[in-house]
Amino acid sequence: MRALRTLGAALTLCAATWLTAAAPAAADGAGGKDGAHGKSGTEAPTEAGTSFRTATELEPGQQATAAASTGDYLYWVFPAAAGQVPEVEAELKLPDASSRHGSATWQLDVYDGLRRHQPCASGTPARRAAQQDRTVTVSCTLRQVRSWSERWANDPLQGAYYVRLTVADLPAQDLGLPIDAEVEASVRDAGGAHADGGDMTPLNPVLRAGTAPGTDSEPPDDDTASDSPNDKGGEVPHAVAEPEDGWGSGWWSDRWVWTVIGAALAALAGVGGYTLTRGPRSPGRPPIGPGSDI
């Protein structure tokens, strides 16, 4: 009975430890998508940039919209922290079939802060729409973002991620036809800040010219263009704002689960070993102790 009580206490302690560690992670995961307004409550963007430098900032969970012309390059940028898996999905509403002259291939590309093209781990980044199709959907799920990488590797790193949406192949007569685009970027946690053992500065480019995304500042005058934001005592504008939980994506990691499982197995092994090595004990014979007479 004593062994059973010890075993029950060990299992209860392991379960309490696991629930304590998993509760904050569940709370973080429950607040994933907050609708069109995103986490900070800002309005979803209704336009897209036309280059990397003018990319429209998009918060994870927001659904951006843009009215454009067939053949335009549409750009958005969003942040992704270490341990997260970015997912991007775009839906295009095409013109009437009567005004089009054939099928077209639409393509979704994702680049990191160094403007390196990131391959999709899953999804359909390119899809061909027939002339009678009214909508087409493209998507891309990247690999898990890392907090560090070797110089020769093309691993996704924490920082800004650019989304580019455009048409890759279509009849020349269809250039300039109006289209409507809906783009949504989301991130899901897949590990802690140092799950891969390392850390580095986020790849978040500095905007040194033009208007910073998300602000109403005007481009600098010619006579003050050489002055950097640091010289004026202001903040340096970056491509995207730092996430609320930081670039490390919190303290939670799936290693916590394996640690708790290992502790439970170790406790069971200890109780089992003690039970086996304790040996049988006669119920009618008192234990031999320092004060007993032999």
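Author: A salt bridge is a side-chain nitrogen of Lys or Arg within 4 Å of a carboxyl oxygen of Asp or Glu. Side chains of opposite charge can pair when their charged atoms come close. This is a predicted model, in which local features need pLDDT of at least 70 and side-chain atom pairs count only at pLDDT 80 or more, while totals for chains, interfaces and linings use all residues. Residues are numbered from 1 along each chain as its sequence is written, and side-chain values use heavy atoms, with hydrogens and water left out.

Reader: How many salt bridges does the structure hold?

Author: There are eight salt bridges. One of them joins Arg-143 to Asp-155, with the closest N and O atoms 3.7 Å apart. Both Arg-143 and Asp-155 lie in the loop between E7 and E8, 12 residues apart; here strands (E, at least two residues) and helices (H or I, at least four) are DSSP runs, numbered from the N terminus. Salt bridges that share partners join Arg-143, Arg-146 and Asp-155 into one network.

Reader: Is Asp-155 buried or exposed?

Author: Buried means under 20% relative accessible area, exposed over 50%, and partly exposed in between (1.4 Å probe, protein chains only). Asp-155 has a relative accessibility of 18%, so Asp-155 counts as buried. Arg-143, at 31%, is partly exposed.

Reader: Which parts of the chain does the salt bridge between Asp-96 and Arg-134 tie together?

Author: The side chains of Asp-96 and Arg-134 meet at 3.2 Å, N to O. Asp-96 lies in the loop between E4 and E5, and Arg-134 in the loop between E6 and strand E7 (135–141), so the pair ties together parts that are 38 residues apart in sequence. Asp-96 is partly exposed, with a relative accessible area of 43%, and Arg-134 is partly exposed at 48%.

Reader: What is found around Asp-174?

Author: Contact means heavy atoms within 4.5 Å. Leaving aside residues up to four places away in sequence, Asp-174 touches Thr-70, Ser-99, Arg-100, His-101 and Gly-102. Asp-174 is found in the loop between strand E8 (159–169) and strand E9 (178–189). For charges, Lys and Arg count as positive and Asp and Glu as negative, while His and the chain ends are not counted. Asp-174 is buried yet has no salt bridge, and the nearest side chain of opposite charge, Arg-100, is 5.3 Å away.

Reader: In what order do the strands of the open sheet lie?

Author: Two strands pair if DSSP finds at least two bridges between them. Five strands form the open sheet in the order E1-E3-E8-E5-E6, with mixed pairing. Strand E1 (56–57) and strand E6 (126–129) are the edge strands, each pairing on one side only. Strands E5 (residues 104–111) and E6 run antiparallel and are joined by four bridges; Thr-105 has Arg-128 in E6 as its bridge partner.

Reader: How many aromatic pairs are found?

Author: Rings of Phe, Tyr and Trp (its six-membered ring) pair if their centres lie within 6.5 Å; planes under 30 degrees apart count as stacked, over 60 as edge-to-face and the rest as tilted. The whole structure has four aromatic pairs. Among them, Phe-52 and Tyr-111 are edge-to-face, at 5.3 Å centre to centre and 85 degrees between the planes. Phe-52 lies in the loop between helix H1 (2–30) and E1 and Tyr-111 in strand E5, so the pair ties together parts that are 59 residues apart in sequence. Phe-52 and Tyr-111 are both buried. Together with Tyr-75 and Tyr-162, Phe-52 and Tyr-111 form one aromatic cluster.
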